[in-house]
Amino acid sequence: EIENGIPIVGLEPSCVAVFRDELTGLLPSAQDAQRLKQQTYTLGEFLQKYAPDFEIPALKQPAVMHGHCHHKAIMKTDCEKEVLQKTGMDFHVLDAGCCGMAGYFGYEEGRHYDISVAAGERVLLPAVRKADAETIIVADGFSCREQIEQLTDRKAMHLAQVLQMALGEKDNPNSIVFPEKKYVDGKKLKNPNRTRNTLLLLGAVAVGVAAYALLNTKKKGYEL
């Protein structure tokens, strides 16, 4: 698959950053590492590169977007912003820095926990709490979504879930109150392994969205 140039879509920004930045530093002479760097994408990047004419249904919901640290530093979030713009949503990108979780950093009670909370309270968490019930909280980073869920009464949605919502609500003219209740809580797999299930579910959603975009793009005669 790597040698054939098959694109790889990463859901978690820190995982994408491994192939886009860290792996080539660890294995500078490995051809597969160099290939992976060129053919690994975030979902937003993949849609913009391979399905730029994909028409995303309008989504009449306000949104705030929080960018994961690796995402902003390595890949940038321009493609994700462009994809959200295609929905017609009124969205605002938070100048929030780090959410504070940073992997297990935010779990270390007595050492880093207070710093983690303080970082989140600088911009991100107050913005989430001020958001009205119809506002979508967009965050692709798993740690970022954990921080939001644990320290506010809201849950964030991955870009894949936002696009799934746009496709699912295309015939609904009304805004949805607390959209995460339907598109996050309402689609959870019934299994105690929460982390694994979240990634499996997001993977299924992302594959579905990407396939839908590619199929609809091909129907219009766009050559991949």
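What share of the contacts between residues at least 6 apart in sequence join residues at least 24 apart? In the protein chain of this predicted model, that share is 70%.

Figure 1. Start here to get your bearings before moving in on the details. The protein chain has 224 residues, and buried residues make up 46% of them. Its exposed surface comes to about 11600 Å², with carbon and sulfur atoms supplying 53% of that area.

**Figure 2. A close-up of the open sheet, built from three strands in the order β4-β3-β5.** The pairing is parallel. Look at the edges and you will find β4 (90-93) and β5. Each edge strand has a single partner, so one side of each is left without a neighbour in the sheet. On average, neighbouring strands of this sheet are turned by 25° against each other, direction ignored.

**Figure 3. Where β3 and β4 pair, with helix α5 packed on the sheet.** Four bridges link β3 and β4 in the parallel sense. To find your place along this pair, look for Ala63, which stands opposite Phe91 in β4. Helix α5, residues 78-86, packs on the sheet and touches both β3 and β4. The direction of α5 makes about 165° with that of β4.

**Figure 4. Strand β5, covered on both faces.** Strand β3, residues 62-66, runs parallel to β5, and four bridges join the two. A handy landmark here is Met65, which stands opposite Val138 in β5.

**Figure 5. Two helices crossing: α3 and α9.** Helix α3 spans residues 43-50, and helix α9 spans residues 159-168. Their axes come within 9 Å and cross at roughly 55°. The two helices are therefore oblique to each other. At the meeting point, α3 brings Leu43, Gly44 and Leu47, while α9 brings Leu159, Ala160 and Leu163. Sorted by class, this contact has five nonpolar residues, one polar residue and no charged residues.

Definitions and conventions: Residues numbered from 1 in each chain as written. Predicted model: local features only at pLDDT ≥ 70, side-chain atom pairs only at ≥ 80, totals over all residues. Heavy atoms only, no water. Buried < 20%, exposed > 50% of the residue type's maximum accessible area, 1.4 Å probe, protein only. Pairing = 2+ DSSP bridges. Axes fitted to C-alpha atoms, helices over the stretch in contact; angles between N-to-C directions. Parallel < 35°, antiparallel > 145°, perpendicular 65-115°, else oblique. Contact = heavy atoms within 4.5 Å. Nonpolar A, V, L, I, M, F, W, Y, C, P; charged D, E, K, R; others polar. Areas by Shrake-Rupley, 256 points an atom, 1.4 Å probe, with all protein chains shown as cover.
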